Amino acid sequence: MEKIYIPTFKRVDNQITFNGLPDKYKEKTILVVQEQEREQYKYDCEYFVVGNDIGIAKTRELIYRKAGNKRYAILDDDIIFYRRNKKYHGFEPSMEKSKRVSTEKDIDDMMKTYNEWMNEGHMHIGCRDESLWPKISYLHNKEIIANHFIDGNKLFKFIDDVDWNVCQIGEDHLFTIECMRRGYMNRVSDEFLQNRWSSAYDEGGCAEYRTAKYHDDEMMKLAQKYPEFVTLKKMREVKKIGMIRHFQIDWDSVYKSSQTTSLSDFLL
């Protein structure tokens, strides 16, 4: 990965992802901050300054365009990376515990593996949540949230064909759907993992404006955009937000649709 982008908002002193990266990866990291906050950030890294209060969906689009045709990562600012013991995938044990917080070598191995997967043709790669029960070493056509490893060369083939701002919550899902609809099978690692809950409900980030109603309204836009893939399910309770609607996405159907569509279908 040539660059690592970390969009962040109102978390000047709570940079979990950046602080957890080895120094050599901090050197290629770009913190994406709003103009109103730029002077508050004193981290020794490159910055990409975006407009005030533009929302995460627009911020992501600006990152896609700035990154261009490079290979890069977009990471939420509150991720802790983990590595799972290989014994759960049918290999000799690789550590004493079931998993561990990633070491520098673990991050090196993750980056090397993801680059190899991109060489094989995968444009969109992610880490599975460390709280989930282990399966096989990697899975295809699954949800990717908070961490996105992207082959920009492939993304730029259709970047101008997508409205990246359909919804202001659910931008992870929209990106995944649009890539898969074009035949790009994603790959999600079950060896290299993430914990994305370390500050998900703290002040800052999307917590600044996410309410139950806002969440439901924005996710409903996603369901209306992709009614054949997104299904409205029953209510569920989320910490500090309250009762929200659960939206389920049929990822297998998303990818299968790419096998029966033509370019003209995307231009309608």
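Which side chain does the side chain of Gln 34 join in a polar contact of 2.5 Å? The partner is the side chain of Gln 36. A polar contact is a pair of N or O atoms within 3.5 Å; within protein, one must be able to donate a hydrogen and the other to accept it, and residues adjacent in sequence count only if both atoms are side-chain atoms.

Ground rules now. This is a predicted model, where local features need pLDDT of at least 70, side-chain atom pairs count only at pLDDT 80 or more, and totals for chains, interfaces and linings use all residues. Residues are numbered from 1 along each chain as its sequence is written, and side-chain values use heavy atoms, with hydrogens and water left out.

Back to Gln 34. Gln 34 sits in strand β2, residues 29–34. Strands (E, at least two residues) and helices (H or I, at least four) are DSSP runs, numbered from the N terminus. Gln 34 has 7% relative accessibility, so it counts as buried. Buried means under 20% relative accessible area, exposed over 50%, partly exposed in between, with a 1.4 Å probe and protein chains only. A polar atom of the Gln 34 side chain also lies 2.8 Å from the backbone nitrogen of Asp 53. Setting aside neighbours within four places in sequence, Gln 34 is in contact with Phe 9, Val 49, Val 50, Gly 51, Asn 52, Asp 53 and Ile 54. Contact means heavy atoms within 4.5 Å.

Next, a helix pair. Helix α3, residues 55–67, packs with helix α6, residues 171–181, at about 45 degrees, with axes 10 Å apart. Axes are lines fitted to C-alpha atoms, for helices over the stretch in contact, and angles run from 0 to 180 degrees between N-to-C directions. The two helices are therefore oblique to each other. Under 35 degrees counts as roughly parallel, over 145 as roughly antiparallel, 65 to 115 as roughly perpendicular, and the rest as oblique. From α3 come Ile 56, Ala 57, Arg 60 and Tyr 64; from α6, Glu 171, Asp 172 and Phe 175.

Now the loop between β8 (138–140) and β9 (147–151), which holds Asn 141. Asn 141 is not a glycine, yet has a positive phi of about 55 degrees. Asn 141 is buried, at 7% relative accessible area. Ala 146 is in the loop between β8 and β9 too. Its phi is near 80 degrees, again positive without being a glycine. Ala 146 is buried, at 2%.

Last, the whole chain. There are eight helices and twelve strands. Of 268 residues, 53% count as buried.
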